[in-house]
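I opened my notebook beside the structure today and jotted things down as I looked them up.

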Amino acid sequence: MALPLDELIAAPSLVNKRAQNLSWDELLFEYELALDDVQALLAGLTETQVHFKPSAKDFSIAEVVTHSASSDKFLFGWLAQLAVGHMPDVSRSREMTHGERNDLTLDGLRGLIEACRMLARATIVDLPEPCNLELTAPHRYFGELNARGWLYFMSVHRSLHLRQAEGVIGTPGFPSSDSRQTLPREEYLNIKSRKGQGAGRKR
């Protein structure tokens, strides 16, 4: 089920509240769904497209993906500390706003997403039972989040950046897709020669 992003943005305190009603497995499922959505977006793009920047100050799709991955790696550390009752160093929170890169290939971006998936699974498996859910760390917009709240936030954060990446595609000047044509033009036009390949039109 898609996250109710507009509702959560309008009422940011709902992020931590809703997270408490979800199990760790359900929270992990939501996070991995967000990763799957990004992988699906990348599957239809070319190297030129993922590195296109609408302007000098706007992120490319590659920068959106790398920023999200860098943020998640940072936040899984916070989550693990909160879960055992240790307050993370909130003075370092600005570090999660950086990490964007525009030099990774498509394969590199896909690998980065899968590395986040593995980190998420490993973090959840290693959580103590029971977890500390009393301790919270602040987010500048979504407010106080405990360990579950931060994992739910990461799903929200990923989904928001997916919207940002989709917005890049609609930007004027976005590169057109590469041709997927696998046969010379003459063979495409010669229906008889294509019948043996099962591509002829049935009449």
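These are my entries, in the order I made them.

**Entry 1: the overall layout.** I noted at the start that this is a predicted model. I looked up the secondary structure and found nine helices and two strands in the protein chain. Reading along the sequence, I wrote the pattern down as α-α-α-α-α-α-β-β-α-α-α. I then checked burial across the chain: of its 203 residues, 41% are buried.

**Entry 2: the start of the chain.** I went to helix α1, which covers residues 5-10 and holds Leu-8. Leu-8 has a relative accessible area of 0%, so I put it down as buried.

**Entry 3: helix α5.** I wanted to know how the length of α5 compares with what its residue count predicts. Its 23 residues should span 33 Å at 1.5 Å a residue, and the C-alpha atoms at its ends are 32 Å apart, so the two values agree. Is α5 enclosed or open to the outside? I found 18 of its 23 residues buried, so the rest of the structure largely encloses this helix. Just past the end of α5, I spotted Gly-85 with a positive phi of about 90°.

**Entry 4: the cavity.** I searched for cavities of 30 Å³ or more and the count came to one. I listed the lining as Val-38, Leu-41, Val-64, Val-65, Ser-68, Arg-158, His-161, Leu-162 and Ala-165. The elements giving two or more residues to this lining are α3 (24-43), α5 (61-83) and α7 (147-169). Which helix gives the most? That is α7, with four residues. By residue class, I counted six nonpolar, two polar and one charged in the lining.

Entry 5: I stopped at Asn-146, in the loop between β2 (143-145) and α7. Its relative accessibility is 2%, so Asn-146 counts as buried. What does its side chain sit beside? A polar atom of the Asn-146 side chain lies 2.9 Å from the backbone nitrogen of Gly-149.

**Entry 6: a cis peptide bond.** I checked omega and flagged the bond from Glu-129 to Pro-130, which is cis, with omega near 0°. Pro-130 belongs to the loop that runs between α6 (106-125) and β1 (137-139).

**Entry 7: a look at α6.** I picked out Ala-115, which is found in helix α6. Is it buried, exposed or partly exposed? At 38% relative accessibility, Ala-115 counts as partly exposed, because that value falls between the 20% and 50% cut-offs.

**Entry 8: the cysteines.** I looked for disulfides and the count came to zero. Cys-116 has a relative accessible area of 1%, and Cys-131 has one of 16%.

Terms used:
Residues are numbered from 1 along each chain as its sequence is written. This is a predicted model: local features need pLDDT of at least 70, side-chain atom pairs count only at pLDDT 80 or more; totals for chains, interfaces and linings use all residues. Side-chain values use heavy atoms; hydrogens and water are left out. A disulfide is a pair of cysteine sulfur atoms within 2.5 Å. Buried means under 20% relative accessible area, exposed over 50%, partly exposed in between (1.4 Å probe, protein chains only). On a 1 Å grid over the protein atoms alone, a cavity is a set of points where a 1.4 Å probe fits but cannot get out, and a pocket is an open set with protein on both sides within 12 Å along at least five of seven lines; lining residues have an atom within 4 Å of a point. Grid points are joined across faces, edges and corners, and a volume is the space filled by probe spheres set on the points. Ala, Val, Leu, Ile, Met, Phe, Trp, Tyr, Cys and Pro count as nonpolar, Asp, Glu, Lys and Arg as charged, and the others, Gly among them, as polar. The expected span of a helix is 1.5 Å times one less than its number of residues. A polar contact is a pair of N or O atoms within 3.5 Å; within protein, one must be able to donate a hydrogen and the other to accept it, and residues adjacent in sequence count only if both atoms are side-chain atoms.
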